[in-house]
Amino acid sequence: MNDRLDFEYISIDSNYSSQYDCKSYGCDREGICRCKRIHNVSISEVDINKSISYIWKFFHPDLEAYKKRQMRISDVLYGGDPDYYCIDRIFRHYKLYDSEMYHGVIDRGGYYGDQFAGIFIKDEELEQNFQDDLQSIFSTNSLASKLRFVIYLEYGMILECLKQANFEIVTISKEDLNTPNINQSHADNILAMGKLDYYSDDNYQLPRGIVKRHGDKFDIIDGYHRILNAKKEFNVFCIK
Ligand SMILES: [Zn+2]
């Protein structure tokens, strides 16, 4: 395993109680407390946007310059790089928006008793796969390769129309879509689920999916949910 991602102070908060028993441990005699015990650890919801920014910086080629504690998330120009879109897709694939996927780690061996070591992905093997997938994205400069990678990860297959395709970013609105492509009852179900706040205009500024020109409008190839949740204009990857 490479360096592990630690989300504490970045996108997930922790809460825990500390217990002391200085008398039995002899801290009083020594004058230094070494008996701190941490328990009742809980962690907050995941701030997805902050997680994506953190991951981008973590894997940036200038990684050495970006040690976690010194970085300021606000420095990152959110959404200015297609890698953000790919990180977001991979992050969702592994369901890392769910705080159940993480746990607070306690280091029990400290000189001063327990130390809270950070908030990590519970399943190490899953994190390894997650990091490997991210490395695949960062190791190519080809937008088409990046997009095909995340599509394959999600669907396990690449549509014929995407196999040789190149892509450009275009800005459209829902009126630019071919409506026969949208099944209205499915669309209503998605919007009624109410769980897609993450894809509201305020929360989500990344490209919303992949489209193909069809007549003077566009068909949705991928990103149905994300596109339906847009109110204003949004960016998509369009097959050239
Ligand atoms: Zn003590």
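Student: In what order do the four strands of the open sheet run?
Tutor: This is a predicted model. In it the order is β5-β8-β6-β7, with mixed pairing.

Student: Which strands stand at the edges?
Tutor: β5 (167-172) and β7 (217-222). Each has a single partner strand, so one side of each is left without a neighbour in the sheet.

Student: And the twist, what does it average from one strand to the next?
Tutor: It averages 45°.

Student: Back to β5. In what sense do β5 and β8 pair, parallel or antiparallel?
Tutor: Antiparallel, over six bridges. Strand β8 covers residues 234-239.

Student: What stands opposite T171?
Tutor: N235, in β8.

Student: Which helix packs on the sheet?
Tutor: Helix α6, residues 143-155. It touches β5, β6 (210-214), β7 and β8. The direction of α6 makes about 75° with that of β5.

Student: New topic: helices. At what angle do α4 and α5 pack?
Tutor: About 160°, with the axes 10 Å apart. Helix α4 spans residues 82-93 and helix α5 spans 124-138. The cut-off for roughly antiparallel is over 145 degrees, so that angle makes α4 roughly antiparallel to α5.

Student: Is the crossing left-handed or right-handed?
Tutor: The crossing of α4 and α5 is right-handed.

Student: Which residues make the contact?
Tutor: From α4, D83, C86, I87 and I90. From α5, F130, D133, L134, I137 and F138.

Student: How many of the contact residues are nonpolar, polar or charged?
Tutor: Seven are nonpolar and two are charged.

Definitions and conventions:
Residues numbered from 1 in each chain as written. Predicted model: local features only at pLDDT ≥ 70, side-chain atom pairs only at ≥ 80, totals over all residues. Axes fitted to C-alpha atoms, helices over the stretch in contact; angles between N-to-C directions. Helix = DSSP H or I, 4+ residues; strand = E, 2+ residues; numbered from the N terminus. Parallel < 35°, antiparallel > 145°, perpendicular 65-115°, else oblique. Left-handed = near helix turned anticlockwise from the far one by under 90°. Contact = placed C-beta atoms within 7 Å. Nonpolar A, V, L, I, M, F, W, Y, C, P; charged D, E, K, R; others polar. Pairing = 2+ DSSP bridges.
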